[in-house]
Amino acid sequence: MKKLESTLGNMVIVLTLVSLVAAGLLAVMNEVTSEPIRLQAEQKEQNGIKKVLVIGADQAVTVAPAEVKKVDEQEYTIYKVTDAQGNALGAAVKTSVQGFSPNLTVMVGFDAEGTIKGYEILSQAETPGLGANVPTWFQADGKGSVIGKNPAKNNLTVSKDGGEIQAITASTITSRAFLKAINLEYNALFGAGEAHGNTGATNTQK
């Protein structure tokens with residue numbers, strides 16, 4: 001086979017062919033992997049909703065299509081859940097606020113009366129060893145537990161601000177942000193008035 005002459009034109013042709021082949025392969029790979037990735041993300045979301053509402057993995061439930069709601073420029077994603085008989089089990093609400101770092105994303109499960117069933121931190125970049133404790137600090141066995149409390153009945157702000165909740169040690173900013181997210185989510189879901197959690201944490205959208 002005759003060796004391709006090393007000219008600028010030939011180099012451009014070769015690079016173009018290589019680019020086209022690479023682009024084609026990437027398109028095929030994307031087509032092959034996009035659906036499994038979508039299904040995996042969907043399953044993870046469904047598991048998260050069940051987790052914050054304390055629903056057994058095997059319990060049959062129906063999750064209504066996500067409702068995206070915006071209140072005062074703050075965006076919320078609401079997932080309403082019913083059991084097999086159509087009875088309301090509550091709703092999971094997701095939003096993002098700014099704590100020590102931007103985009104502390106919190107999903108909270110509320111029952112039909114607004115009592116907190118559970119929560120999960122979906123993303124965060126808080127201070128390691130301090131604010132990073134937020135996934136566990138406010139759980140049922142944590143020092144600042146919010147489980148079983150209702151934003152309409154309990155003052156869900158840190159004790160330093162006159163509230164009922166013990167802040168994470170040396171991480172009041174993160175604690176305020178987390179509690180603000182809960183109050184805002186409750187208000188978005190139930191259409192309540194001003195949240196207890198307006199304590200200086202900054203709203204961000206996700």
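Colleague: Phe 138 first: buried or exposed?

Modeller: Phe 138 is buried, with a relative accessible area of 0%. Buried means under 20% relative accessible area, exposed means over 50%, and partly exposed is in between, with a 1.4 Å probe and protein chains only.

Colleague: What kind of model is this, and how are residues numbered?

Modeller: This is a predicted model, where local features need pLDDT of at least 70, side-chain atom pairs count only at pLDDT 80 or more, and totals for chains, interfaces and linings use all residues. Residues are numbered from 1 along each chain as its sequence is written, and side-chain values use heavy atoms, with hydrogens and water left out.

Colleague: OK, back to rings. How many aromatic pairs are there?

Modeller: The structure holds 5 aromatic pairs. Rings of Phe, Tyr and Trp (its six-membered ring) pair if their centres lie within 6.5 Å; planes under 30 degrees apart count as stacked, over 60 as edge-to-face and the rest as tilted. Phe 138 and Phe 178 are a stacked pair, because their ring centres are 4.3 Å apart and their planes are at 15 degrees.

Colleague: Where do those two sit?

Modeller: Phe 138 is in the loop between helix H2 (134-137) and helix H3 (172-190), while Phe 178 is in helix H3, so the pair ties together parts that are 40 residues apart in sequence. Phe 178 also counts as buried, at 0% relative accessibility. Helices (H or I, at least four residues) and strands (E, at least two) are DSSP runs, numbered from the N terminus.

Colleague: What about Tyr 186 and Phe 190?

Modeller: Tyr 186 and Phe 190 make a tilted aromatic pair, 4.8 Å centre to centre with 35 degrees between the planes. Both lie in helix H3, 4 residues apart, about one turn of the helix. Tyr 186 is buried at 9% relative accessibility, whereas Phe 190 is partly exposed at 33%. Ring pairs also link Phe 110 with Tyr 186 and Phe 190 into a cluster.

Colleague: Switching to charges: how many salt bridges?

Modeller: There are 2 salt bridges, each being a side-chain nitrogen of Lys or Arg within 4 Å of a carboxyl oxygen of Asp or Glu. Lys 51 and Glu 120 meet in one of them (3.9 Å, N to O). That pair links distant parts of the chain, with Lys 51 in helix H1 and Glu 120 in strand E6 (residues 116-123), 69 residues apart. Lys 51 is exposed at 53%, and Glu 120 is partly exposed at 21%.

Colleague: And Arg 176, which residue does its side chain meet?

Modeller: Asp 161, in a salt bridge of 2.8 Å, N to O. Arg 176 is in helix H3 and Asp 161 in the loop between H2 and H3, 15 residues apart. Arg 176 is partly exposed at 23%, as is Asp 161 at 34%.

Colleague: Last topic, the whole fold. What's the pattern along the sequence?

Modeller: Reading along the sequence gives α-β-β-β-β-β-β-α-α-β, with 3 helices and 7 strands in the protein. Buried residues make up 37% of the 206 residues.

Colleague: And Ala 84, where's that?

Modeller: Ala 84 lies in the loop between strand E3 (74-83) and strand E4 (88-98), and counts as exposed at 59% relative accessibility. Ala 84 and Ala 60 are 24 residues apart in sequence and 5.9 Å apart in space, C-alpha to C-alpha.
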